[in-house]
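Here is a short report on one protein model. It covers helix contacts, a pocket and some details of the backbone.

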Amino acid sequence: LSLFFDILLPMANNVSRENFVTGNRSGSYGIKGDNNQLPEDKALMEHARSVLFDELHQIQIRSVLITEGTHSYMSMSIATDFQNQIMNCPLNNGENNNNNFHWHPRTHCYSKSDCEIASESVVINSSIDSTVDIGKNCIVSHCVLKNNLKIGNGCILSGLLPEELEVDKIRTEPLVLPDESVVLNFTISIGDNVSRRITIVFGLHDNLMISTDNENSSFCNEPWSVFYERTGIDSSDLWQQHLPQSARCLFNAKLYPIFNHSQKIETEDILWLLGSYNLTEALEKWRSSWRLSLQDIMCMIDIAAAFDYRRKLYLEIGEKNIEPRVDLAGGWSDTPPITYEHGGVVVNAAVKIDGKRPIGAKARRISDPIIKLVLVGDKKSTVVTCTEMSDLEDYNKPHAPGALLKAAFLCSEIVSFTSSTPLKQQLLEKYSSGFELHSWAYLPQGSGLGTSSILAGAIMACLFTVSGRKCDNSSIVHSVLYLEQMLTTGGGWQDQVGGLVEGVKISRSPAKLPLNVNITKLDVKESFIRELDKRLLLIYTGKTRLAKNLLQDVLRGWYAKLPEVLPNVHGLTSNAEESAKAFIDGDLEKVGNCLNEYWQQKKRMAPGCEPALVTEIMTALKPYSYGQSLAGAGGGGFMYLITKEENFLEEVKAIVSKIKGTEDVVVHRGAIDCEGLRILYKQRGCGDSC
């Protein structure tokens with residue numbers, strides 16, 4: 001089709017249907033009737049033109065002068081043209097005078113914080129794993145990249161899944177794609193209801209159409225003669241003998257294997273063409289395979305499958321699994337306004353409970369412009385559907401169904417509660433979709449392990465991911481603080497730090513606004529972590545409490561400037577520094593002493609936070625532990641201890657069982673979690689695994 005002679009022309013005045021359909025007024029590309037055209041081809045063309053005329057003639061064409069526009073002439077180096085269109089977009093070059101449009105080099109992109117993506121590169125509708133390194137001036141679209149991959153400068157990748165860049169399992173060094181490589185994947189139809197994915201490669205500067213006898217002709221950015229010598233391929237392998245030399249070009253070269261009668265076509269068989277992978281006996285396998293040319297592939301592409309794949313990737317699930325935290329020193333100093341006015345220092349650790357991560361969330365986009373909230377429970381789930389903005393108005397009532405999830409949608413600015421625009425319209429205008437969000441926390445309410453804040457962190461990370469935004473731990477920590485203020489539960493920053501960031505860490509916030517939490521992972525020896533894991537136990541006391549109630553009491557004491565409060569806050573932060581040093585030194589006994597001191601400081605901050613039953617349990621376990629404390633604000637929930645003996649779980653159960661009123665007490669094994677926030681990026685519906 002020609003934009004001018006097939007699309008624009010039927011919109012023009014003084015063009016009759018007959019002249020347009022027959023081509024008398026102007027044929028494609030300005031060529032009038034072709035006498036050599038086969039009758040069936042002529043009939044097909046006239047039918048297509050009649051459809052175009054009937055659909056488009058009622059639309060009146062107008063000319064508009066673009067005063068600062070430029071014309072970009074297309075060449076036969078298709079990849080270079082595509083790269084120029086993206087990289088030289090006026091929005092990217094600072095030529096944007098329209099505030100409604102902004103340039104974002106990462107659009108609907110999820111990338112792990114420790115992956116390497118050059119700032120000059122563009123990533124669209126893709127997921128990038130931490131093992132991927134993307135060079136400068138690359139364009140990555142509709143891809144899921146993993147598998148220890150290093151992408152050179154100026155590359156273009158599209159449509160790739162991990163298996164399309166997966167090579168032998170024993171390979172330890174990264175797979176390297178050379179500079180200015182183009183790697184694309186398509187779904188093609190090869191028969192009745194039979195589809196295959198096929199990966200093709202060529203070079204950024206390759207001209208697809210010029211003859212191979214032209215000195216500028218190339219494949220993978222190297223002359224054909226160099227390619228022949230490197231691979232052992234001969235021109236007779238690529239083109240039929242009767243095809244004139246002048247007609248042979250990259251576009252019709254039978255380069256890309258799709259099927260082999262005795263062996264599976266592997267990633268290596270494609271990358272071998274590119275020169276990024278050396279494969280023994282590759283030539284023999286390549287020659288014995290059914291191969292396609294670019295021309296063949298372009299005629300076989302399943303367009304519907306391509307759009308379906310891209311949409312599914314766009315509607316990906318982002319799932320976050322997070323562990324709870326144990327606070328080891330310094331808690332309360334992280335709580336506003338104490339942390340603003342005094343400064344906070346906290347040592348805490350992410351922990352698994354009986355080897356599990358009990359907190360998580362997952363989200364996806366859905367076609368309906370609504371917000372669907374699913375509160376996953378042990379036995380049944382509660383579904384809350386929001387179709388109007390009024391369905392979100394109880395976001396600031398902590399006990400309302402889905403209040404935390406509703407507040408997260410507002411905090412993440414996916415929708416605006418103050419806007420007069422209806423919910424459905426907001427979702428359609430910004431995302432052309434709705435959202436489905438699931439959350440779960442398989443811990444009792446009031447556990448003291450930071451569940452609500454950590455769950456909020458998982459939810460915020462999910463929403464940032466599925467709304468196409470990148471987030472790091474620092475942004476999540478600060479967004480949860482804001483969310484909890486919206487929810488009216490209040491709270492400090494240590495819970496989300498403890499659950500989101502792996503291992504043992506010390507976090508500090510200077511006494512100033514705006515709040516800035518600096519997180520430092522402690523350099524703790526692996527052997528010390530293993531010793532700690534053998535001794536760390538968590539005990540659910542059977543007592544629950546809402547941290548909000550204790551928080552209000554502590555803040556009253558702070559605002560009243562009670563004489564015992566300020567020295568105690570000084571003690572909290574100095575003890576946290578001592579605890580961090582003990583972890584680095586590998587001094588288990590000192591870690592326990594700091595934990596014991598921390599519990600005494602908590603009781604001074606919030607008198608009455610130690611129930612009588614907890615006092616009995618702690619007294620009975622004191623001879624067998626280096627240190628123990630109730631988790632979080634105290635008052636109930638979990639307590640934890642570091643035992644002097646290894647693997648002391650059964651003995652602790654026996655000791656506790658002898659205390660009256662401990663029927664609901666449960667002892668669990670704890671372990672430091674060294675992975676932190678785990679993010680799963682899936683292509684399936686939320687309901688598939690709930």
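## Helices α5 and α7

In this predicted model, F227, R230 and T231 of α5 touch W272, L273 and L274 of α7. By class, that contact has four nonpolar residues, one polar and one charged.

Helix α5 spans residues 224-231, and helix α7 spans residues 267-274. Their axes come within 10 Å and cross at roughly 135 degrees. The two helices are therefore oblique to each other.

## Helices α19 and α20

Two packed helices are described by the angle between their axes and the distance between the axes. For α19 (residues 565-585) and α20 (residues 588-605), the angle is about 160 degrees and the axes are 9 Å apart. Angles over 145 degrees count as roughly antiparallel, so α19 and α20 are roughly antiparallel to each other. The crossing of α19 past α20 is left-handed.

From α19, the contact draws on V565, N568, V569, G571, L572, N575, E578, S579, K581, A582 and F583. From α20, it draws on K590, V591, C594, E597, Y598, Q601, R604 and M605. The residues of this contact comprise nine nonpolar, five polar and five charged.

## The second largest pocket

Rolling a probe the size of a water molecule over the atoms shows where empty space is left. The second largest pocket has a volume of about 670 Å³. Its lining counts 29 residues. Nearest its centre lie S158, L184, F186, M298 and R310.

Which elements each supply at least two residues of the lining? They are the helices α4 (78-87), α9 (294-300) and α10 (303-314), and the strands β8 (156-158), β10 (181-191) and β11 (194-203). Helix α10 gives the most, with six residues. By class, the lining of this pocket has 21 nonpolar, six polar and two charged residues.

## Backbone details in loops

Where are the cis peptide bonds described here? One joins P336 and P337, with omega at about 0 degrees. P337 sits in the loop between β17 (325-329) and α11 (338-341). Another runs from L513 to P514, with omega near 0 degrees. P514 belongs to the loop between β23 (504-509) and β24 (518-521).

N137 has a phi near 55 degrees. That is a positive value in a residue other than glycine. N137 lies in the loop between β4 (132-134) and β5 (139-141).

Definitions and conventions: Residues are numbered from 1 along each chain as its sequence is written. This is a predicted model: local features need pLDDT of at least 70, side-chain atom pairs count only at pLDDT 80 or more; totals for chains, interfaces and linings use all residues. Side-chain values use heavy atoms; hydrogens and water are left out. Axes are lines fitted to C-alpha atoms, for helices over the stretch in contact, and angles run from 0 to 180 degrees between N-to-C directions. Helices (H or I, at least four residues) and strands (E, at least two) are DSSP runs, numbered from the N terminus. Angles under 35 degrees count as roughly parallel, over 145 as roughly antiparallel, 65 to 115 as roughly perpendicular and the rest as oblique. A crossing is left-handed if the near helix is turned anticlockwise from the far one by less than a right angle, and right-handed if clockwise. Contact means heavy atoms within 4.5 Å. Ala, Val, Leu, Ile, Met, Phe, Trp, Tyr, Cys and Pro count as nonpolar, Asp, Glu, Lys and Arg as charged, and the others, Gly among them, as polar. On a 1 Å grid over the protein atoms alone, a cavity is a set of points where a 1.4 Å probe fits but cannot get out, and a pocket is an open set with protein on both sides within 12 Å along at least five of seven lines; lining residues have an atom within 4 Å of a point. Grid points are joined across faces, edges and corners, and a volume is the space filled by probe spheres set on the points.
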